[in-house]
Amino acid sequence: MNLFKEIETLGFNTRQFEDTICVTTPQTFASGDPVSFYILRQHEQLILDDYGVNLHSLELSLPNPGQSKKIISNILSKFDNKIEFNGYNFFRRAEVFEKTDALAEFLSLFSYLTNYKPKTTVEINRDLILEDIFSYLKKNHDEVTYDYHINGISGSEYVFDFLADDVLLDFTSSHHSATGSLLRKIHDVHNLVQSDYKFEVVIDDRNNKKSIQEAKILSSVAKVVPLSNIQTAA
């Protein structure tokens, strides 16, 4: 099987059982488990399947294992791929001539998953909120970019959570210190001579009283959208 030798040249640990190759990559979860999956040849097709081992490794790596399936679904939606996830295992069927693409898709996916280590519950919750915002933006904009870097008129560099067409968007808590920092950032970028950007803020409204107060302040410089509206729409 030529594929067996091709994979060996990539430096992966491989074992072959008749028409099946077990592949272990150098990618490692925070749990210490390496990424592994199987490649089975059926006639003129290849089947890549991990039989659920990587979901288990991801769950062991997260402070909140219950978020693992949502994390996986969000990651899969980020890039073009033909990988199927049924809530347990990753599966990819490919023609033999597609073997390079199929393998690249699996490795890209596991690169995302292993890079989730280690994060606190707060960080993971923020990631999931940003994924909801991303899904919302994709429905309403042609082009959406994560982590958009831009210099203000002062020369300071800022990072906005998203650039959606011509809209710079940040997610913020309903704390006064976060509001102050965001006001300074928006003012600095808004004052650029060549700036044609619009500004939008998604505010965490789980503490409704605080969010109303901070939203009033932020509405002087940006469109303010409650997080609950985004999550309902997403």
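## Helix α2 and its cover

The buried residues of α2 are covered by, among others, β3, α3, β5 (84-85), β6 and α4. Keep in mind as you look around that this is a predicted model. Which residues of α2 are buried? They are Asn54, Leu55, Ser57, Leu58 and Ser61.

Now look down the axis of the helix.

## Ser36, a buried serine

Hop over to strand β3, where you'll find Ser36. Is Ser36 buried or exposed? Buried means under 20% relative accessible area, and Ser36 has 17% relative accessibility, so it counts as buried.

And what does Ser36 touch? Setting aside neighbours within four places in sequence, its contacts are Val23, Thr24, Asp50, Val53 and Asn54.

## Strands side by side

Strand β3 runs antiparallel to β4, and five bridges join the two. Together they make a hairpin with two residues between the strands. In that turn, His43 has a positive phi of about 55°. Gln42 stands opposite Gln45 in β4.

β4 has another partner as well: β6, which pairs with it in the antiparallel sense over five bridges. Here Gln45 turns up again, standing opposite Glu95 in β6. As for cover, four of the five residues of β4 are buried, leaving the strand mostly covered.

## The cores

Time for the greasy part. The largest nonpolar core holds 30 residues, and Phe37, Phe90, Leu109, Phe110 and Leu113 have the most contacts inside it. Several elements each give two or more residues to this core, including β2 (20-28), β3 (34-42), β4 (45-49), α2 (53-61) and α5 (121-140). Which element gives the largest share? That's α4, with seven residues.

Let's zoom in on Phe90. Not counting residues up to four places away in sequence, Phe90 touches Leu48, Asp49, Asp50, Asn54, Ile72, Ile83, Glu84, Phe85, Phe106, Leu109, Phe110 and Leu113. There's also a second, separate core of 17 residues, with Ile150, Phe160, Ile203 and Ala215 among them.

Conventions. Residues numbered from 1 in each chain as written. Predicted model: local features only at pLDDT ≥ 70, side-chain atom pairs only at ≥ 80, totals over all residues. Heavy atoms only, no water. Core = buried A, V, L, I, M, F, W, Y, C linked by side-chain atoms within 4.5 Å. Buried < 20%, exposed > 50% of the residue type's maximum accessible area, 1.4 Å probe, protein only. Contact = heavy atoms within 4.5 Å. Pairing = 2+ DSSP bridges.
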